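Please open the model in your viewer and keep the sequence panel beside it.

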Amino acid sequence: MTKPTLKQWRALFYKDLMDLRWNGQVQFNFIICLLITIVFLWFPRDSLPISFVIGFTFAMVTMFTQGNLVVEEREQGTFRRLNQVGFSLNHMIVGKMFVTLFVTSILVFLFLLFYRFDPTISFNLIILSFPVVLIMILAGTFIGLNAKNTIDVSLYGTPLTLFYLFLEGLLMSHQPGRMEWLGFFPNYHLYYGVTSSNVTSHLLVPYLWMTIILLLFIWWFKKRQKRV
């Protein structure tokens with residue numbers, strides 16, 4: 001099988017991006033996250049922290065966009081045609097990851113643009129968000145590969161989204177010295193690390209989670225490919 005050319009990669013990226021226009025769930029989630037970002041302007045930072053708004057975006061847009069992009073190839077029956085021109089399943093997943101990352105980056109950019117954060121906060125937000133974004137993309141890929149249609153993506157993804165937002169809710173009411181077990185989750189370090197003057201102390205846990213989940217996903221994907 002010949003490898004896809006740069007022109008074919010561009011065509012695939014454009015195709016996936018245009019497919020999002022017809023996906024009502026992704027559009028709805030994108031608009032809701034944009035509205036939440038705008039509404040955040042009128043909320044005191046103590047009552048609605050930065051990590052909640054940005055985490056809401058990752059849970060609602062990043063994961064569901066990736067899941068829907070993956071499962072739509074099965075729904076539309078386009079995988080075989082793409083495979084005939086040189087795109088393997090690995091290629092298509094990577095291509096969709098870039099589309100999802102692009103969509104997520106737009107919302108993050110608008111978030112930073114609206115609030116004009118201090119450069120330190122913006123830097124902290126970006127380096128702490130990256131592992132969470134990758135985890136959500138991998139979760140969306142896993143869901144998309146196991147789902148039969150976009151309804152299944154919503155069904156499987158909703159519990160994970162609710163759990164993520166539940167942790168954010170606990171962090172909003174968290175007081176130092178209580179519920180220290182929350183430090184086990186990346187959310188905790190995104191919550192406190194964004195405004196921290198020592199962001200390096202908050203990097204280990206998120207990047208450790210990212211590495212473990214990435215390795216588990218690769219192991220599962222290779223095992224899945226052997227069964228196909």
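## The whole chain

Among contacts in the protein chain (heavy atoms within 4.5 Å) between residues at least 6 apart in sequence, 77% join residues at least 24 apart. What you have open is a predicted model, in which local features need pLDDT of at least 70 and side-chain atom pairs count only at pLDDT 80 or more, while totals for chains, interfaces and linings use all residues. Residues are numbered from 1 along each chain as its sequence is written, and side-chain values use heavy atoms, with hydrogens and water left out.

Show the protein chain as a cartoon, and its secondary structure comes to nine helices and zero strands, where helices (H or I, at least four residues) and strands (E, at least two) are DSSP runs numbered from the N terminus. With 228 residues, a compact globule would have a radius of gyration near 17 Å, and the 18 Å of the protein chain agrees with this; the radius is taken over C-alpha atoms, and the globule rule is 2.2 Å times the number of residues to the power 0.38. Along the principal axes, the C-alpha atoms fill a box of roughly 55 × 35 × 30 Å. Buried residues make up 49% of the 228 residues, where buried means under 20% relative accessible area, exposed over 50%, and partly exposed in between (1.4 Å probe, protein chains only).

## Stop one: a charged network

Select Lys15, Asp16, Asp19, Glu73 and Lys96, which are linked in a network of salt bridges; a salt bridge is a side-chain nitrogen of Lys or Arg within 4 Å of a carboxyl oxygen of Asp or Glu. The structure holds five salt bridges.

Which residue does lysine 15 meet in a salt bridge at 2.9 Å, N to O? The partner is glutamate 73. Because lysine 15 lies in helix H1 (residues 6-19) and glutamate 73 in helix H3 (residues 50-76), the pair ties together parts that are 58 residues apart in sequence. Glutamate 73 also forms a salt bridge with lysine 96, with the closest N and O atoms 2.5 Å apart. Lysine 96 lies in helix H5 (residues 89-115) and glutamate 73 in helix H3, so this pair ties together parts that are 23 residues apart in sequence.

Now check how covered these residues are: glutamate 73 counts as buried at 5% relative accessibility, and lysine 96 is buried too. Aspartate 16, whose salt bridge with lysine 15 has its closest N and O atoms 3.3 Å apart, counts as buried at 1% relative accessibility.

Next select threonine 141, which is found in helix H6 and is buried, with a relative accessible area of 0%. Leaving aside residues up to four places away in sequence, threonine 141 touches Gln66, Val70, Ile93, Met97 and Phe217. With glutamine 66, the side chain of threonine 141 makes a polar contact of 2.9 Å, that is, a pair of N or O atoms within 3.5 Å; within protein, one must be able to donate a hydrogen and the other to accept it, and residues adjacent in sequence count only if both atoms are side-chain atoms.

Then move to threonine 161 in helix H7, which is buried with a relative accessible area of 5%. Threonine 161 touches Ala59, Met60, Met63 and Phe64, again not counting residues up to four places away in sequence.

## Stop three: helix H8

Select residues 186-193, helix H8, and ask how many of its eight residues are buried. Seven are, so the helix is mostly covered, and the buried ones are Pro186, Asn187, Tyr188, His189, Leu190, Tyr191 and Gly193. These buried residues pack against H3, helix H6 (119-146), helix H7 (150-172) and helix H9 (204-227).

## Stop four: a surface patch

Finally, select Ile31, Leu35, Ile38, Phe109, Leu113 and Phe114, which form a nonpolar patch on the surface with about 540 Å² of accessible area together. Helix H2 (24-39) and H5 are the elements that give two or more residues to the nonpolar patch. Patches are made of residues with over 30% relative accessible area and no salt bridge, like charges being joined within 9 Å and nonpolar side chains (Val, Leu, Ile, Met, Phe, Trp, Tyr) within 5 Å; accessible areas come from the Shrake-Rupley method with a 1.4 Å probe, and for residues only the protein chains shown count as cover. Phenylalanine 114, in helix H5, counts as partly exposed at 34% relative accessibility.
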